[in-house]
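Me: I have a structure open and would like to talk through some of its side chains. Could we start with the charged ones?

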Amino acid sequence: MAALDLLGRRWTLRILWELSRTPAGFRELQRRCERMSSSVLSTRLDELTGACLLALKDDAYHLTPLGENLVEALAPLSAWSRRWAQETGAEGAEEAPGRR
């Protein structure tokens, strides 16, 4: 339940998705998540780092091996969401997880 609580927090999945593409520093990550406040980003990064899903190296946040495993585990959900969007006519909806 603790994992679901963490993943259900606003912007958490978006941060993981962005970092699965390429590591990023705070400002770059904030730019990629254009509507996220700096305080929310800071809080989520602290939570994800504390959960051993992210690590800060060379001024950039990276997924840890555990974080990479999580992103891989979410791949079937991503595939399902694309099918769901097609079947419900929401194909133009934002692809990145965590957007609200």
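Reply: Arg21 and Glu18 form a salt bridge (a side-chain nitrogen of Lys or Arg within 4 Å of a carboxyl oxygen of Asp or Glu), with their closest N and O atoms 3.4 Å apart. This is a predicted model, in which local features need pLDDT of at least 70 and side-chain atom pairs count only at pLDDT 80 or more, while totals for chains, interfaces and linings use all residues. Residues are numbered from 1 along each chain as its sequence is written, and side-chain values use heavy atoms, with hydrogens and water left out.

Me: How many residues apart are Arg21 and Glu18 in helix α2?

Reply: They are three residues apart, so about one helical turn separates them; helices here are DSSP runs of H or I with at least four residues, strands are runs of E with at least two, and both are numbered from the N terminus.

Me: Buried or exposed, what is Arg21? And Glu18?

Reply: Arg21 counts as exposed because its relative accessibility is 55%, whereas Glu18 is buried at 2%. Buried means under 20% relative accessible area, exposed over 50% and partly exposed in between, using a 1.4 Å probe and protein chains only.

Me: Which salt bridge does Arg14 form?

Reply: Arg14 also pairs with Glu18, the closest N and O atoms being 2.8 Å apart. Arg14 is itself buried, at 4% relative accessibility, and lies four residues from Glu18 in helix α2, so about one helical turn lies between them.

Me: What about Arg32 and Glu18?

Reply: Their side chains meet in a salt bridge with an N to O distance of 3.6 Å. That pair links distant parts of the chain, with Arg32 in helix α3 (residues 26–32) and Glu18 in helix α2, 14 residues apart. Through shared partners, salt bridges join Arg14, Glu18, Arg21, Glu28, Arg31 and Arg32 into one network.

Me: Changing topic, how many residues are in the largest nonpolar core?

Reply: That core, a set of buried Ala, Val, Leu, Ile, Met, Phe, Trp, Tyr and Cys residues joined through side-chain atoms within 4.5 Å, has 18 residues, and those with the most contacts inside it include Ile15, Leu16 and Leu54. The elements giving two or more residues to this core are α1 (2–7), α2 (12–21), α4 and β2 (60–63).

Me: What is Leu54 in contact with?

Reply: Leaving aside neighbours within four places in sequence, Leu54 is in contact (heavy atoms within 4.5 Å) with residues including Ile15, Leu19, Leu45, Tyr61 and Leu63.
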